[in-house]
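Here are a few exercises to work through with the model open beside you. Try each task before you read the solution.

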Amino acid sequence: MAALRSFRRLSIASRTLSSFRQPWRASSRAFASVSGAPDPANLPLAGIRVLDMTRVLAGPYCTQILGDLGAEVIKIEHPIRGDDTRAWGPPYATYSNSSHSGPGEAAYFLSVNRNKKSVGLSFAHPAGVDILHKLAADCDVLVENYLPGGLKKYGMDYSTLAKVNPRLIYASITGYGQTGPYSNRAGYDVMVEAEFGLMHITGERDGSPVKVGVAVTDLTTGLYASNGIMAALINRGKTGRGQHIDLALSDCQTATLVNIASSALISGKKDSGRWGTAHPSIVPYCAFKTADGDILVGGGNDRLYGILCDRIKKPEWTKDERFTTNALRVKNRDVLEAMIGDIIKTKTTAEWLQILEGSGMPYAPINDIQTTLNLEHTQARNMVVEVEHPACGTMKLVNTPVKYSESKPSIRTPPPTLGQHTDEVLSDLLGMSTSDIDKLRQEGVVA
């Protein structure tokens with residue numbers, strides 16, 4: 001408790017934060033920013049400092065968004081194993097220099113940890129807790145994803161920190177929230193997908209429920225979290241006070257059921273289940289097999305249905321009494337989709353793309369991931385960029401999707417190696433000497 005008492009003695013006056021402090025400049029021993037990256041001072045969240053106590057996906061995705069927008073993100077990791085996703089491979093980006101051993105940096109970790117500084121720090125040692133306290137006292141935002149109450153024994157819960165740093169915005173990301181009968185459960189994306197409706201409506205019409213191909217509940221929670229934090233920063237500018245943000249995967253998954261949930265609430269009836277690529281109330285609006293792949297087409301109204309009929313050289317279908325309105329097409333879905341499918345499968349995907357080009361009707365090939373990343377449009381939108389990683393050399397990463405007319409969010413620094421910035425943070429931000437840091441490292445407090 002000595003560390004906690006020391007923490008509480010910190011004077012609020014001595015560390016009162018301005019709404020936007022000057023961005024923390026990296027020391028000379030830090031790795032260089034990505035070549036051509038903009039000055040972070042021009043980004044929307046410049047001057048905002050974030051203490052990132054999250055791991056795996058939802059939390060790191062949130063803090064990566066904040067980092068992309070200019071915040072200074074200090075990622076706290078276990079000094080030996082680091083974030084869990086550092087071991088989630090293959091694939092790995094292999095090390096290009098002899099100063100690192102092991103298989104390399106996991107692609108999973110690399111996907112959600114750019115624009116951050118890594119500090120290897122042990123909570124098990126009182127000195128490590130003291131460092132956490134000092135960092136929290138000088139941060140604008142803290143993001144954590146421990147079970148409710150899990151950080152209280154370290155004096156890192158919101159009620160304790162708010163007394164010393166009343167401007168702190170403290171975001172807790174959990175599976176089921178800080179309250180409610182499920183609150184003490186560990187939260188996993190796939191479990192929440194299953195229990196909160198998403199898996200039930202995902203999959204083929206007559207098939208088994210399936211999970212979404214990416215951990216979408218984690219990602220939407222990360223998006224809600226970053227949005228909530230930015231709104232809280234605006235509110236703090238009005239009131240001068242921070243606040244606690246309670247984010248649950250279960251709540252975010254329920255919210256993102258959107259129209260499906262609304263239909264169930266308004267009708268009071270059971271939902272219509274899984275529809276594969278089809279739409280429950282629009283026909284034709286689904287994927288069809290081509291001679292060499294798959295293509296989606298969308299005849300969302302009578303006009304678009306007519307365009308499809310013309311392009312597949314079946315204009316007479318627009319006058320077929322079974323298909324003249326969308327309601328009739330929905331009623332006779334199986335017949336019409338089978339008729340269209342018989343024609344679509346006679347040509348390749350590329351041929352159909354050429355036939356449908358310029359038609360004004362929605363259509364799209366179903367691409368694999370490599371094709372997606374190499375699309376002309378993906379490249380033109382600068383969604384894949386090359387960065388120079390300090391341990392692995394040149395690598396490609398997905399870029400931030402946010403485009404501003406003035407600010408230029410980008411990958412300023414590549415995902416860090418474990419503990420890469422421990423010395424920098426402890427010396428430049430907390431004023432520790434080299435000998436103090438070396439002693440902490442010898443004791444296993446930092447890495």
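**Exercise 1: helices on a sheet**

Helix H12 (residues 333–344) lies across E9 and E10, and runs at about 40° to E9. Angles here run from 0 to 180 degrees between N-to-C directions, with axes fitted to C-alpha atoms, for helices over the stretch in contact; contact means heavy atoms within 4.5 Å. Helices (H or I, at least four residues) and strands (E, at least two) are DSSP runs numbered from the N terminus.

Before going on, note that this is a predicted model, where local features need pLDDT of at least 70, side-chain atom pairs count only at pLDDT 80 or more, and totals for chains, interfaces and linings use all residues. Residues are numbered from 1 along each chain as its sequence is written, and side-chain values use heavy atoms, with hydrogens and water left out.

Task: work out the strand order and find what else lies across the sheet.

Solution.
- Step 1: the 3 strands run in the order E9-E10-E11, forming an open sheet with antiparallel pairing. Two strands pair if DSSP finds at least two bridges between them.
- Step 2: E9 (285–289) and E11 (363–365) are the edge strands, each pairing on one side only.
- Step 3: on average, neighbouring strands are turned by 20° against each other, direction ignored.
- Step 4: E10 (residues 294–298) and E11 share 3 bridges in the antiparallel sense, and Val 297 stands opposite Tyr 363 in E11.
- Step 5: helix H13 (residues 349–356) lies across E10 and E11, at about 25° to E10.

**Exercise 2: the largest core**

Task: say which residues touch the most other members of the largest nonpolar core.

Solution.
- Step 1: such a core is a set of buried (under 20% relative accessible area) Ala, Val, Leu, Ile, Met, Phe, Trp, Tyr and Cys residues joined through side-chain atoms within 4.5 Å.
- Step 2: among its 26 residues, Leu 51, Met 53, Ile 76, Leu 142 and Met 156 touch the most other members.
- Step 3: elements supplying at least two residues each include strand E1 (49–53) and helix H4 (126–137); H4 gives the most, with 4 residues.
- Step 4: beyond four places in sequence, the contacts of Met 53 include Ile 76, Phe 123, Leu 132 and Met 156.

**Exercise 3: one alanine**

Task: is Ala 255 buried, partly exposed or exposed?

Solution.
- Step 1: Ala 255 is in helix H8 (residues 249–255).
- Step 2: its relative accessible area is 37%, so Ala 255 is partly exposed, the class between 20% and 50% with a 1.4 Å probe and protein chains only.
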